[in-house]
2 protein chains.
Amino acid sequence: MAILERIHLAIIREVERQGSLTAAAAQLNLTQSALSHAIAKLEDQIGVKIWRREGRSLQPTQPGAFLLAAANRLLPQFAHAEERLRQFAKGERGTLRIGMECHPCYQWLLKIVAPYLDNWPKVEVDVRQKFQFGGIGALFGYEIDMLVTPDPLHKPGLRFTPVFDYEQVLVVGPEHPLCGADFVLPHELAEETLITYPVPADRLDIYTQFLTPAGISPRQHKPIETTDIMLLMVAHGRGVAALPRWLVEENAAKFNVSPVRLGRDGVAKQIFLGLREADADIDYMRAFIELASTRRVEATPRPT
Amino acid sequence: MAILERIHLAIIREVERQGSLTAAAAQLNLTQSALSHAIAKLEDQIGVKIWRREGRSLQPTQPGAFLLAAANRLLPQFAHAEERLRQFAKGERGTLRIGMECHPCYQWLLKIVAPYLDNWPKVEVDVRQKFQFGGIGALFGYEIDMLVTPDPLHKPGLRFTPVFDYEQVLVVGPEHPLCGADFVLPHELAEETLITYPVPADRLDIYTQFLTPAGISPRQHKPIETTDIMLLMVAHGRGVAALPRWLVEENAAKFNVSPVRLGRDGVAKQIFLGLREADADIDYMRAFIELASTRRVEATPRPT
DNA sequence: CTCCGTGCGTGAATAAAATTCATCGAATTA
DNA sequence: TAATTCGATGAATTTTATTCACGCACGGAG
């Protein structure tokens with residue numbers, strides 16, 4: 001009845017990675033012959049070829065590509081399940097895999113995770129930042145168990161809890177004309193170089209909530225990966241950036257940068273923790289959210 | 001290295017379903033002894049018990065429950081993968097699994113699917129309506145390949161295309177005082193019995209876009225599963241309902257019901273088709289969306 | 001062009017595993 | 001309390017996976 005097994009998926013994935021049966025076999029601690037037999041049997045039973053044998057190289061056929069996608073989706077879940085079971089065996093509670101969709105939140109997260117690890121010595125924490133299908137997809141696809149994101153999604157199956165409010169502000173260097181200003185209006189950025197994290201513009205609040213509504217684009221847009229470099233660039237007059245006020249204030253002395261309110265009323269933001277509804281009752285998950293919620297005060301900037 | 005196999009998940013799921021090893025064994029075409037050995041080996045290798053043997057009954061332990069959840073998630077994907085491979089073998093293109101989050105769209109869908117099946121004789125179509133984690137979750141979890149929904153979600157990994165616009169209207173019976181009225185205002189429904197599909201109020205447009213903003217609740221709220229019964233109830237003065245105008249007009253003669261605009265401007269709605277971005281280039285998927293888009297005219301009611 | 005290295009497929013042999021058979025003890029029920 | 005049902009266990013057996021040995025085809029080097 002059942003013909004497709006875990007080993008088949010493992011072979012298909014490994015052959016793709018290594019480029020040849022022989023190399024894949026070595027990786028899987030098997031002989032080339034074993035793989036050949038295994039695949040031959042599978043191809044025979046379902047009546048479909050997995051690869052096109054073009055001379056020496058193996059090109060996945062359509063069914064092969066389909067299986068490859070399935071393998072890349074399913075095998076990590078097997079691996080994680082086994083890992084989790086081993087943790088159960090050792091008396092550990094599990095691994096909380098946290099996904100981040102909010103670059104500057106990393107520093108905030110560290111402040112939550114530190115006491116959490118003390119309170120829950122038997123829980124491991126793992127933080128991930130790259131997801132093929134976005135944070136929501138990673139949550140649904142069991143790549144992660146919790147998501148830190150500024151944009152929640154109240155849908156059946158997921159639950160989001162706001163954990164802190166903050167104000168998004170413009171950061172400028174000491175020589176910048178806006179340094180010390182009460183606030184900045186969109187058109188004042190029309191000739192600026194805007195430094196942001198490397199994500200699409202429609203995921204950046206300074207566009208969606210500030211520039212785009214006013215129909216303004218900055219003169220130049222520079223993507224930078226790390227917050228430190230970003231602040232360094234701003235401090236040395238290479239452009240301006242938009243970051244949470246608390247982050248700017250924490251780094252004000254170190255980098256010599258100043259916050260400026262975005263617009264008269266400021267741009268208010270919230271960070272949410274999301275998890276699968278099915279996990280909502282797990283004690284160590286609840287505890288994390290609770291801890292994150294109570295630390296909210298420390299991270300809150302002055303009210304707008 | 002790899003210890004957790006498909007068979008283990010199958011056993012765990014089947015034991016849960018059947019309540020006993022013996023019954024599960026019969027279901028899986030194995031002997032009770034085989035299952036016992038298989039599980040004993042697994043428990044031995046990972047060092048964890050799957051069930052608590054309380055006298056005769058088997059209660060899943062915490063790891064057991066975890067594996068059960070994994071089984072319920074993973075096994076259907078194996079089954080579907082095999083099914084899909086068999087279809088490849090037969091020269092078929094695959095099965096388009098369509099999920100519905102929009103009760104009255106069923107009739108519309110039939111009109112799209114009929115010509116589609118003719119154009120793509122090698123593609124099977126399967127329509128599903130129940131999802132544990134909502135339509136979006138089903139899409140991410142590979143339970144379905146396409147989602148028909150009035151509320152889209154533009155997120156990385158998913159793509160939504162609007163396929164038709166319609167007007168949501170109130171439906172009333174021939175004896176109803178509102179019959180023939182130009183439009184209805186929220187307070188006029190305060191003493192009515194409102195018939196809807198059995199979904200939460202925050203998913204019903206008549207609440208979110210009409211009643212709730214005005215702070216009105218109907219006197220009574222009756223959930224009904226099927227459109228026909230709903231129209232029958234309305235026609236016989238048992239209440240009013242909210243449905244797409246095109247649906248009402250199609251059934252006006254058959255059931256003797258009339259549409260009434262909701263508010264002065266009417267309530268405008270759109271239906272979207274959603275799919276995983278990874279599938280966006282598959283020809284028979286594109287074709288379905290194209291077909292659905294071109295049929296848009298027929299379903300469009302008079303403009304508001 | 002030919003030789004040689006390398007990679008894949010195949011059949012027989014072997015090793016490993018899964019499954020069954022036979023049996024027992026414990027728990028449930030009549 | 002006897003009869004019955006269910007799960008565990010060890011040995012026997014069957015099935016399956018893997019290896020070994022070998023042949024063939026492709027492609028690069030000489």
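**Figure 1. Chain A laid on chain B in the predicted model.** The superposition is by least squares on the C-alpha atoms of residues with pLDDT of at least 70 in both copies. Of the interface residues of chain A, 100% are also interface residues in chain B, so the copies meet through the same surface. Contact means heavy atoms within 4.5 Å. In this predicted model, local features need pLDDT of at least 70 and side-chain atom pairs count only at pLDDT 80 or more, while totals for chains, interfaces and linings use all residues. Residues are numbered from 1 along each chain as its sequence is written, chains are lettered from A and ligands numbered from 1 in the order in which they are written, and side-chain values use heavy atoms, with hydrogens and water left out.

**Figure 2. Domains of chain A.** The assignment, automatic or from a database, gives domain 1 (6–87), domain 2 (90–163 + 270–299) and domain 3 (165–268). The C-alpha centres of domain 1 and domain 3 of chain A lie 48 Å apart.

**Figure 3. Helices α1 and α4 of chain A.** Helix α1 (residues 6–18) of chain A packs on helix α4 (residues 62–89) of chain A at about 115 degrees, with the axes 8 Å apart. That makes α1(A) roughly perpendicular to α4(A). Angles of 65 to 115 degrees count as roughly perpendicular, those under 35 as roughly parallel, those over 145 as roughly antiparallel and the rest as oblique. Helices are DSSP runs (H or I, at least four residues), numbered from the N terminus. Axes are lines fitted to C-alpha atoms, for helices over the stretch in contact, and angles run from 0 to 180 degrees between N-to-C directions. The crossing is left-handed: the near helix is turned anticlockwise from the far one by less than a right angle, whereas clockwise is right-handed. Residues of α1(A) in the contact include L9(A), I12(A) and R13(A). Among their partners in α4(A) are L68(A), L75(A) and E82(A). By class, this contact of α1(A) with α4(A) has 11 nonpolar, two polar and four charged residues. Ala, Val, Leu, Ile, Met, Phe, Trp, Tyr, Cys and Pro count as nonpolar, Asp, Glu, Lys and Arg as charged, and the others, Gly among them, as polar.

**Figure 4. Helices α5 and α10 of chain A.** Helix α5 (residues 105–119) of chain A and helix α10 (residues 283–294) of chain A pack at about 125 degrees, axes 10 Å apart. The two are therefore oblique to each other. Their crossing is right-handed. W108(A), L109(A), I112(A), V113(A), P115(A) and Y116(A) of α5(A) make the contact with Y284(A), A287(A), F288(A), L291(A) and A292(A) of α10(A). The residues divide into 11 nonpolar, no polar and no charged.
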